[in-house]
Amino acid sequence: MTDLSSFINALPKAELHLHLEGSLEPEMMMDLAKRNDIDLPYKNVEEIRQAYAFTNLQDFLDIYYKGMSVLQTEEDFYDLTLAYLEKVSREGVVHAEVFYDPQGHTGRGIPFSVVTNGILRALDDGRENYGVSSELIMSFLRHLSEEEAFATLREAEPWFDGRIIGVGLDSSELGHPPSKFQRVFAAAREMDLLLVAHAGEEGPSAYVREAVELLKIDRLDHGNRTLEDIELTETLARSGITFTVCPLSNLKLCGVPDMKEHPLRRMMDAGLKVTVNSDDPAYFGGYMTANFLSVAQALDLSKQDIAQLCRNSIVGSFLTEGEKAVHIATIDQVLLQPWDC
Ligand code: HPA
Ligand code: ZN
């Protein structure tokens with residue numbers, strides 16, 4: 001472990017952009033396929049890893065939806081979620097606000113309650129066993145219809161008593177602008193849910209504008225292409241909205257040709273409140289520390305920059321002000337220690 005990774009691990013941070021289904025490691029995929037008697041198009045974990053050569057978001061999504069077919073029982077969702085929390089607890093993640101795709105499961109006959117209760121039980125045990133606090137956000141698949149999103153919103157209502165705190169929007173971005181879900185997000189807002197959405201990952205900055213202005217989101221997922229619109233960039237810098245950027249994801253899905261060309265530094269310099277996250281770590285080659293390391297080395301980020309990204313993640317989370325203050329104070333303490341990096 002390099003000194004830089006020790007420094008990164010020592011900083012308390014929140015993960016704000018993580019798809020639980022994207023934390024399904026090849027080993028667990030094989031184990032669950034066996035446990036549930038599911039036929040996979042791969043013979044072993046090496047073949048699975050070889051299949052992870054993506055040229056764009058859709059390439060990845062096609063494999064991601066196939067991979068999740070091994071998740072069948074409440075226990076499977078529990079095991080998946082707890083394995084993620086155990087891993088990131090060793091990387092300084094003190095809080096995680098995680099996404100899941102209920103429609104990716106209900107659409108193949110797994111009841112909403114089986115998926116959701118398995119995840120929630122693991123979030124409770126992860127808090128207890130590993131000290132990672134967490135919240136659950138349900139994402140709508142944007143390639144599906146508005147009507148299907150509304151049906152999912154209705155089905156989830158019993159969990160809106162504090163167990164599912166918000167809704168998000170993910171899957172194939174191009175051709176599925178945020179405006180398609182304006183009425184769904186308005187309904188969710190009426191239900192006092194928090195709102196996030198993927199925009200500007202592959203889609204244009206106009207999608208970011210729609211997500212902010214039409215969906216009235218509380219936080220933006222990705223948002224890399226915001227920089228193409230100077231006026232929008234200035235507005236979002238002033239508003240202080242948090243961006244959940246995912247460096248290794250952007251590299252693996254060819255959003256950037258090389259990490260040295262990642263826009264994270266330019267986003268920070270433009271005054272945007274940027275955070276670092278892992279998106280689908282089992283598919284993109286690393287969890288939080290790997291994402292921080294990769295982007296810090298490529299863009300020559302200072303310790304102050306890295307600490308600021310961690311502060312942003314705490315500030316941009318849905319923790320209470322009191323909880324945020326505790327973690328921010330720890331970040332300041334860590335920075336005071338003598339680091340050899
Ligand atoms: N982008 C859009 N949808 C997704 C992603 C992503 O990176 N991961 C899982 N669903
Ligand atoms: Zn994502």
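Me: How do the residues of the lining of the largest pocket divide into nonpolar, polar and charged?
Reply: This is a predicted model. The lining of the largest pocket has four polar residues. The other classes there are six nonpolar and six charged.

Me: What volume does the largest pocket have, and which residues are the closest to its centre?
Reply: The largest pocket has a volume of about 260 Å³. It is lined by 16 residues. The closest to its centre are Glu201, Asn224, Arg225, Gly255 and Val256.

Me: How many cavities of 30 Å³ or more does the structure hold?
Reply: A cavity is a space where a 1.4 Å probe fits but cannot get out. With 30 Å³ or more as the cut-off, the count is one.

Me: How much space lies in the largest cavity?
Reply: Its lining includes His19, Tyr64 and Asp280. The space within the largest cavity is about 80 Å³.

Me: Where does ligand 1 sit?
Reply: Ligand 1 is surrounded by residues that include His19, Asp170, His198 and His222. Those four also line the largest cavity. Ligand 1 sits in the largest cavity.

Me: Which helix gives the most to the shell around ligand 1?
Reply: Leu57, Phe60, Leu61 and Tyr64 are among the residues around ligand 1. The helix that gives the most to this shell spans residues 57–67 and supplies four residues. It also gives the most to the lining of the largest cavity, again with four residues. The answer is helix 4.

Me: Which residue has a polar side-chain atom 2.8 Å from an oxygen atom of ligand 1?
Reply: A backbone N or O atom of Ser171 lies 2.8 Å from a nitrogen atom of ligand 1. A polar side-chain atom of Glu201 lies 2.9 Å from a nitrogen atom of the ligand. For the oxygen atom, at 2.8 Å, the residue is Asp279.

Me: How much of the accessible area of ligand 1 does the protein cover?
Reply: On its own, ligand 1 has 260 Å² of accessible area.

Key: Residues numbered from 1 in each chain as written. Chains lettered and ligands numbered in written order. Predicted model: local features only at pLDDT ≥ 70, side-chain atom pairs only at ≥ 80, totals over all residues. Heavy atoms only, no water. Near = heavy atom within 4 Å. Polar contact = N/O pair within 3.5 Å; in protein donor to acceptor, adjacent residues only side chain to side chain. Areas by Shrake-Rupley, 256 points an atom, 1.4 Å probe, with all protein chains shown as cover. 1 Å grid on protein atoms, 1.4 Å probe; cavity = no way out; pocket = protein on both sides within 12 Å on 5 of 7 lines; lining within 4 Å. Sits in = over half its atoms within 2 Å of the grid points. Helix = DSSP H or I, 4+ residues; strand = E, 2+ residues; numbered from the N terminus. Points joined across faces, edges and corners; volume = space filled by probe spheres on them. Nonpolar A, V, L, I, M, F, W, Y, C, P; charged D, E, K, R; others polar.
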